[in-house]
Amino acid sequence: MAKINKVLIVNRGEIAVRILRALADLGKRSAVIYSDPDRASLPVMLADEAYRIGPAPSRESYLRGDAIIELAGRIGADAIHPGYGFLSENATFARHCREAGILFIGPSPEAMAVMGSKVESRRMMMDAGVAVVPGGRDPLPDLEAARAFAAQLGYPVMIKAASGGGGKGMRRVAAQADLAAAYRAARSEAMASFGDDDVYLEKFIDRPRHVEIQVLGDQHGRVVSLGERECSLQRRQQKVVEEAPSPAVSPELRRQMGEAAVKAAKAVGYSNAGTVEFLLDADGESFYFLEMNTRLQVEHPVTEMVTGLDLVEWQLRISEGEPLPDEMERIEPRGHAIEVRLYAEDPYRGFAPSPGRIEVLRLPQGPGIRNDCGVHEGCEVTIHYDPMLAKLIAWGADRDQAMRRLRRALGELRVEGIQTTAPLFLRLLDDPDFIAGRLDIAMLDRKMASGELALPAPPNPDLAPIAAALAHFQRTARTTAPNPGRGRRTGWRHAARRESLHGGGRWI
Ligand code: MV4
């Protein structure tokens, strides 16, 4: 089938860099688009070609589907890689690519459309024999029907938007007395978010884990599971830490979940890389299909680290029509990988955005450490886009070694000029529940609210001059003290040497 020569990457930040690296490894030509604030970004520096697409707002830049397709045609790109976010799960964009004769690196627009609808994908999964969360098959016709069905399911229940995803238009209902208000609120939120006020009911699953299966499908009907990722550690529905394999998944459960994920993907004729999300209940036995993400995910590196595969390379090979090899059916995770997401947010100020210039950036290195970073020293972090700067990934022969390496890596990391979420991770690595692998989707929010994960005091910038003086005396003491005969001159001479110390976000 069609060999791909040049790929237009329609994304920014670390994922654009990640895709550029895969293209370079494969000897393919790369092009990126950039918005005005991204004109001197790392992807622009690394790409073979870079094209301005518009001003800062995403609507006028990274989301300009038709302008992007026109550009791809003009520069002779055979394919578009959407990365994650932006246009990556937009079935209409994928269809427009196809109509323009440009390969969209991802599944078919039809598979994307089915998985984009909560009720439609649930219906497909029920018919395919994949376990979904107990609940409705169709949207609720009215409040009366909601009352009757909720009573039948048993409280607590969840009301969810039929067109939803990501938790919008979702309401937990503890008892019948709260149903009417929750039903109305969910409907109006669903209308505001998706232009569709259809809602349906599910049984509420208390304190589950979020475990997802990475799949690859080729264009010849083969779909393989590459094992799970544990994604329960999240803050307000934003993932913070991911790992593979999950401490809660045995080889037998992995086989069952993998089989369910493959069934789910096959039911919609899925090709390319995709992720099937499950809730694994608190007893660790039952799992339920939640949704399927039809893109490469942020956390794909932990799967790469334990499988040894390059998922972006496989996305391209699949798009070129290459069949997946037989051996891929039998891949087992090797060792353990943990990823933390470094956000430009201030954990000392309620995770407020922390834009600004990155004055110092020192990324960790050494055995088992990978960092996928989208920024460089001296660059500006703006408030226009997702605040994720980089991902730090540690691999170890077992979970304990991966955690020790991650702790070492976080100790090496220096980011100055802006605040990051790094202090939270160091705290988390000391948490007994995290260490034991006892996780659930509400754990982080619960521990933050109770103060159990209180951060150490932030560095006090007023102490920086004192720290500089102490560091200076420590360095000069040895040369002054053993040789008093030469008087104070030695000490003064050393004192004249310029001392620079960095603390609290500034140089002194
Ligand atoms: C649930 C649930 C508990 N019970 N459904 C949140 C986002 C959306 N994709 C599905 N979500 C949930 N659905 C039932 N019946 C709990 C969540 C949930 C969640 C799921 C996965 C990862 C993080 C989460 C955080 C809060 C709530």
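# A guided tour from the surface to the ligand

**Stop 1: a surface patch**

Select Leu-463, which sits in the loop between helix 15 (443-450) and helix 16 (464-480). Helices here are DSSP runs of H or I with at least four residues, strands are E runs with at least two, and both are numbered from the N terminus. Before moving on, note that this is a predicted model, in which local features need pLDDT of at least 70 and side-chain atom pairs need pLDDT 80 or more, while totals for chains, interfaces and linings use all residues. Residues are numbered from 1 along each chain as its sequence is written, and side-chain values use heavy atoms, with hydrogens and water left out.

Is Leu-463 buried, partly exposed or exposed? Leu-463 counts as partly exposed, because its relative accessibility is 47%. Buried means under 20% relative accessible area, exposed means over 50%, and partly exposed lies in between (1.4 Å probe, protein chains only).

With Leu-463 they make a nonpolar surface patch of about 300 Å². Patch residues have over 30% relative accessible area and no salt bridge; nonpolar side chains (Val, Leu, Ile, Met, Phe, Trp, Tyr) are joined within 5 Å, like charges within 9 Å. Areas come from the Shrake-Rupley method with a 1.4 Å probe; for residues, only the protein chains shown count as cover.

**Stop 2: the ligand**

Select the ligand and the residues around it. Which of the 17 residues come nearest? They are Lys-160, Glu-202, Lys-203, Ile-205 and Glu-291. A residue is near if one of its heavy atoms lies within 4 Å.

Next, look at the ligand's nitrogen atoms. A polar backbone atom of Lys-203 is 2.7 Å from a ligand nitrogen. For Ile-205, a backbone N or O atom lies 3.0 Å from a nitrogen of the ligand. Glu-291 uses its side chain instead: a polar atom there lies 3.1 Å from a ligand nitrogen. Taken alone, the ligand exposes 520 Å², and the protein buries 89% of that.

Colour the shell by class. It has eight nonpolar, five polar and four charged residues. Nonpolar covers Ala, Val, Leu, Ile, Met, Phe, Trp, Tyr, Cys and Pro; charged covers Asp, Glu, Lys and Arg; the others, Gly among them, are polar.

Now show the strands. Strand 6 (157-161), strand 8 (199-203) and strand 15 (287-293) each supply at least two residues of this shell.

Zoom in on Lys-160, which lies in strand 6. Lys-160 counts as buried, because its relative accessibility is 8%. Its side chain makes a polar contact with the side chain of Glu-202, at 3.0 Å. A polar contact is a pair of N or O atoms within 3.5 Å; within protein, one must be able to donate a hydrogen and the other to accept it, and residues adjacent in sequence count only if both atoms are side-chain atoms.

**Stop 3: salt bridges**

How many salt bridges does the whole structure hold? A search finds 46. A salt bridge is a side-chain nitrogen of Lys or Arg within 4 Å of a carboxyl oxygen of Asp or Glu.

Select Glu-304 and Arg-18. Their side chains meet in a salt bridge of 2.7 Å, N to O. Glu-304 lies in helix 10 (residues 300-307) and Arg-18 in helix 1 (residues 13-26), so the pair ties together parts 286 residues apart in sequence. Glu-304 is buried, at 5% relative accessibility. Arg-18 is buried too, at 7%.

Go on to Asp-36 and Arg-52. Their closest N and O atoms are 2.6 Å apart in a salt bridge. Asp-36 sits in the loop between strand 2 (29-35) and helix 2 (42-46), and Arg-52 in strand 3 (residues 49-54), 16 residues apart. Asp-36 is partly exposed, with a relative accessible area of 25%. Arg-52 is partly exposed at 49%.

Then select Arg-254 and Glu-228. This salt bridge has its closest N and O atoms 2.8 Å apart. Arg-254 is in helix 9 (residues 251-267) and Glu-228 in strand 10 (residues 223-230), 26 residues apart. Both Arg-254 and Glu-228 are buried. Finish this stop with a network: salt bridges that share partners join Glu-212, Arg-229, Lys-239, Glu-242, Glu-299 and Arg-341.

**Stop 4**

Select Pro-43, found in helix 2. Pro-43 is buried, with a relative accessible area of 3%. Its C-alpha atom is 9.5 Å from that of Ile-9, 34 residues away along the chain.

Last, select Pro-139, in the loop between helix 6 (118-128) and helix 7 (143-153). Pro-139 counts as partly exposed, at 28% relative accessibility. Pro-139 and Asp-197 are 58 residues apart in sequence, and 9.4 Å apart in space, C-alpha to C-alpha.
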